[in-house]
Amino acid sequence: MDALTALTTRRSSAKLCAPAPDAHAMAHIVSAMLRAPDHALLRPWRYLQVEGEGLSALGEVFVQAMLKRDPQLTPEAQARYRNMPLRAPLMLIGILSPVEHPKVPVHEQLLSAGCGLHAALLTAHALGFGGIWRTGDLAEDAHVKQALGLAAHEQIVGFLYLGSVDGEMRDKPQPEAAAHLRQWP
């Protein structure tokens with residue numbers, strides 16, 4: 001798929017199944033992630049790849065995090081959190097690891113980390129895979145961050161689920177350009 005087609009046809013795919021991107025596809029995805037805009041070449045990000053048994057282990061981390069919040073969490077709710085990582089055969093977790101710099105504020109570094117995840121999503125789409133970017137309360141949870149090995153100054157930018165599209169993708173309406181882009185002055 002050419003770049004313009006990938007950029008203008010990408011949509012989130014909530015239903016994903018095997019196969020996940022293989023090692024060859026992942027090499028392209030990672031290469032694109034690492035080309036994110038990066039003022040001063042700080043590399044203020046890192047990524048975790050989770051698949052196989054790691055997805056189940058992450059599900060247990062999610063359950064433990066929620067049990068810390070609510071020890072009375074129902075078995076049904078526990079099952080829902082346990083199964084969250086199993087929505088796709090592969091997950092990339094984007095982590096902002098900010099670097100102190102006099103000319104590059106943290107919000108710019110956060111955007112760089114986000115651009116890396118977006119590049120991964122676009123590349124997966126260009127290679128014929130689907131994906132969806134999720135965050136939510138678990139991305140902010142101290143137990144989850146600790147279990148994933150984040151340092152105190154780091155934060156989760158997103159959970160990027162990748163796999164093959166399961167079923168038919170729904171088309172998204174294209175926003176009107178005039179509603180979002182204006183000429184200035």
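This briefing walks through a predicted model, topic by topic. Residues are numbered from 1 along each chain as its sequence is written, and side-chain values use heavy atoms, with hydrogens and water left out. Because the model is predicted, local features need pLDDT of at least 70 and side-chain atom pairs count only at pLDDT 80 or more, while totals for chains, interfaces and linings use all residues.

A quick word on naming: helices (H or I, at least four residues) and strands (E, at least two) are DSSP runs, numbered from the N terminus. As for burial, buried means under 20% relative accessible area, exposed means over 50%, and partly exposed lies in between (1.4 Å probe, protein chains only).

- Let's start with β5, which covers residues 155-165. Nine of its eleven residues are buried, so the strand is largely enclosed by the rest of the structure.
- Strands count as paired if DSSP finds at least two bridges between them. Strand β3 (residues 90-96) runs antiparallel to β5, with seven bridges joining them. L96 has Q155 of β5 as its bridge partner.
- Strand β4 (residues 130-134) is also antiparallel to β5, over five bridges.

**Helix α4 and its two sides**

- Helix α4 spans residues 75-83, and its buried residues are A77, Q78 and Y81. Looking down the axis of α4, these buried residues fall within an arc of 100°, so they line one face of the helix. (The arc is that of the directions from the helix axis to the C-beta atoms.)
- On the face of α4 turned away from the buried side sit the exposed residues P75 and E76.
- What do the buried residues of α4 pack against? They pack against α3 (53-69) and α6 (137-140); contact here means heavy atoms within 4.5 Å.

**A closer look at Q78**

- Q78 belongs to helix α4 and is buried, at 19% relative accessible area.
- Setting aside neighbours within four places in sequence, Q78 is in contact with V63, L67 and L73.
- The side chain of Q78 also reaches the backbone oxygen of L73, at 3.0 Å. That is a polar contact: a pair of N or O atoms within 3.5 Å; within protein, one must be able to donate a hydrogen and the other to accept it, and residues adjacent in sequence count only if both atoms are side-chain atoms.

**Helix α5**

- Helix α5 (residues 106-126) has 21 residues, which should span 30 Å at 1.5 Å a residue. Its end C-alpha atoms are 30 Å apart, which agrees. The expected span is 1.5 Å times one less than the number of residues.
- Just after α5 comes G128, with a positive phi of about 95°.

**Aromatic pairs**

- The structure holds two aromatic pairs. In the one formed by W45 and Y47, the ring centres are 6.0 Å apart and the planes sit at 35°, so the pair is tilted.
- The other pair, F62 and F159, is edge-to-face, at 5.7 Å centre to centre with 70° between the planes. F62 lies in helix α3 and F159 in strand β5, so the pair ties together parts 97 residues apart in sequence.
- The rule behind these labels is that rings of Phe, Tyr and Trp (its six-membered ring) pair if their centres lie within 6.5 Å; planes under 30 degrees apart count as stacked, over 60 as edge-to-face and the rest as tilted.
- W45 is buried at 9% relative accessible area, and Y47 at 17%. F62 is buried at 1%, and F159 at 2%.

- Most residues other than glycine have a negative phi, and most peptide bonds are trans.
- The peptide bond from A18 to P19 is cis, with omega near 5°. P19 sits in the loop between β1 and α2 (23-33).
- W184 and P185 are also joined by a cis peptide bond, with omega about -5°. P185 is in the segment after β5.
- A40 has a positive phi near 70°, and R43 has one near 50°.
- A40 is partly exposed at 40% relative accessible area, and R43 is partly exposed at 43%.
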